[in-house]
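Hi,

Here is the structure I promised to pass on.

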Amino acid sequence: MDRTTSQRASLRLLTTNEAADTLALSRRTLETYRLRGTGPAFVRTGKSPRGAVRYREADLIEWTEAQLVVSAR
């Protein structure tokens, strides 16, 4: 994959439902994480504070990797 294709893939925006499905979470859980500031980074489109929320695939991957817990065994 060349740099341009890679950049486009990282810019793909997902709806809350699509992001929740990708993370195997319910929509409500993802919304709760967003409101608490503990979820993945998101984009709010438009100038309104009530603009549509979208998630970049790259941010979902980064957030998931940050959740990794290694057993202390």
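Let's start with a charged pair: the side chains of R28 and E31 form a salt bridge, with 3.3 Å from N to O. By salt bridge I mean a side-chain nitrogen of Lys or Arg within 4 Å of a carboxyl oxygen of Asp or Glu. R27, R28 and E31 belong to one network, joined by salt bridges that share partners.

Before I go on, a word on where this comes from. It's a predicted model, in which local features need pLDDT of at least 70 and side-chain atom pairs count only at pLDDT 80 or more, while totals for chains, interfaces and linings use all residues. Residues are numbered from 1 along each chain as its sequence is written, and side-chain values use heavy atoms, with hydrogens and water left out.

(Helices are DSSP runs of H or I with at least four residues, strands are runs of E with at least two, and both are numbered from the N terminus.)

The cut-offs are under 20% relative accessible area for buried, over 50% for exposed, and partly exposed in between, with a 1.4 Å probe and protein chains only.

The salt bridge count comes to 4. One of them joins E57 and R12, at 3.0 Å from N to O. That one links distant parts of the chain, since E57 is in helix α4 (residues 57-66) and R12 is in the loop between α1 (3-11) and β1, 45 residues apart. E57 is partly exposed at 26%, and so is R12, at 41%.

Now the strands. β3 (residues 53-56) has V53 and Y55 on its covered face, and R54 and R56 on the uncovered one. In a regular strand, side chains alternate between the two faces of the sheet. β1 (residues 13-14) runs antiparallel to β3, joined to it by 2 bridges; pairing here takes at least two DSSP bridges between the strands. L13 stands opposite R56. β2 (residues 43-44) also pairs with β3 in the antiparallel sense, over 2 bridges, and R44 has V53 as its bridge partner.

Cheers
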